[in-house]
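My notebook is open, and I am going to look up a few things here one by one. Come along and check each entry against the picture.

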Amino acid sequence: RRAHLADVAGAVLEAGPSVMAATRSLEDAGERVLEAMAERDSFDDELDDAAQQARAQLAGRSALAAREKPYTLIFDRGIEYYLAAPLGEEKKRYEELSQRAQENLPADDPVRLAVVAAVGEGVSGFTAASDKLAKARTDESLAGTRLDAAEDAWATLIEKTYGALVERFGRRKADRFFP
C-alpha cells in the first residue's frame, strides 16, 4: 500500500482471511473430535462399571460364588475380557455379557435386570458416539485438506506477487516488501 500498489496489496490482503478461516475451521473440527471421543469413552466407562458391578454382586453371593455357576458361565474369560475389549470389539463383547446374563440368571434376578438394561443403553450410546466420532474425524480431515489448499493458494499468490515486484522494481527493492 505504501508503494501505491493497490492491486497487489488488495490481492494479498484478501488471501489472508481465507487461510485464517480455514485454520479456525480445522481447530473447531478438532474440538468436535475431542468432544465425540469423550462421549464415546464415557459410554465405555459406563459399560465397564456395569460389568464390574455385576461381577461384584455375583461373586458376593457366597464365599465360593466366584468359582461356581452362574458366575463361571457369565465371566468364563474373566472380567478383563469385557473391561479390556478393543474398541472394535466393545459392542460385541458387552452384548455377549448381556446374553450370558440372560441365559444363566433367572428372569427376575436383579443382576440380570441391571446388566441387560445397562448394556442395552450403553451399547446404543457407545455405537452412536462412535459414529459421531467417525464423522467428526472425517470432518477434521476435510478441514485439514481445505487448510492445506488455502495455504497453498496463499503461498502461490505470494510467490507471484514477489515475481511481479521483482519484474517491476528489481530483486533488491522487491526483497524489501518481504522483511
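This is a predicted model: local features need pLDDT of at least 70, side-chain atom pairs count only at pLDDT 80 or more; totals for chains, interfaces and linings use all residues.

**Aromatic pairs**

For a pair, I asked that the ring centres of Phe, Tyr or Trp (its six-membered ring) lie within 6.5 Å; planes under 30 degrees apart count as stacked, over 60 as edge-to-face and the rest as tilted. Tyr71 and Phe75 have ring centres 5.3 Å apart and planes at 40°, so I wrote this pair down as tilted. Tyr71 is buried at a relative accessible area of 13%, and Phe75 is buried too, at 5%. My cut-offs are under 20% relative accessible area for buried, over 50% for exposed and partly exposed in between, with a 1.4 Å probe and protein chains only.

Next I turned to Tyr82 and Tyr94, whose ring centres are 5.9 Å apart with planes at 45°, so this pair is tilted. Tyr82 sits in helix H3 (residues 80–83) and Tyr94 in helix H4 (residues 90–104), so to speak a link between distant parts of the chain, twelve residues apart. I take helices as DSSP runs of H or I with at least four residues, and strands as runs of E with at least two, numbered from the N terminus. Are these two tyrosines, Tyr82 and Tyr94, buried or exposed? Tyr82 is buried at 1% relative accessibility, and Tyr94 is buried at 0%. I also noted that Tyr71, Phe75, Tyr81, Tyr82 and Tyr94 form one aromatic cluster.

**Notes on the numbers**

Residues are numbered from 1 along each chain as its sequence is written. Local features need pLDDT of at least 70 and side-chain atom pairs count only at pLDDT 80 or more, totals for chains, interfaces and linings use all residues, and side-chain values use heavy atoms, with hydrogens and water left out.

I found a cis peptide bond between Lys69 and Pro70, with omega about 5°. Pro70 belongs to the loop between H1 and helix H2 (71–74). His4 lies in the segment before H1 and is exposed, with a relative accessible area of 71%.

**Helix H5**

How many residues does H5 have? I counted 60 in H5, which spans 85 Å from first C-alpha to last, close to the 88 Å expected at 1.5 Å a residue (1.5 Å times one less than the number of residues). At the start of H5, a side-chain oxygen of Asp109 comes within 2.7 Å of the backbone nitrogen of Val111. After H5 comes Gly170, with a positive phi near 95°. Leu113 is in helix H5 and is partly exposed at 49% relative accessible area.

**The largest pocket**

My last entry is the largest pocket, with about 270 Å³ of space. A pocket here is an open set of points on a 1 Å grid over the protein atoms alone, where a 1.4 Å probe fits, with protein on both sides within 12 Å along at least five of seven lines; lining residues have an atom within 4 Å of a point. The volume is the space filled by probe spheres set on the points, which are joined across faces, edges and corners. I listed 13 lining residues, with Arg1, Val8, Ala9, Leu165 and Phe177 nearest the centre. H1 (6–59) and H5 (110–169) each supply at least two lining residues, and H1 gives the most, with four.

Methods:
A polar contact is a pair of N or O atoms within 3.5 Å; within protein, one must be able to donate a hydrogen and the other to accept it, and residues adjacent in sequence count only if both atoms are side-chain atoms.
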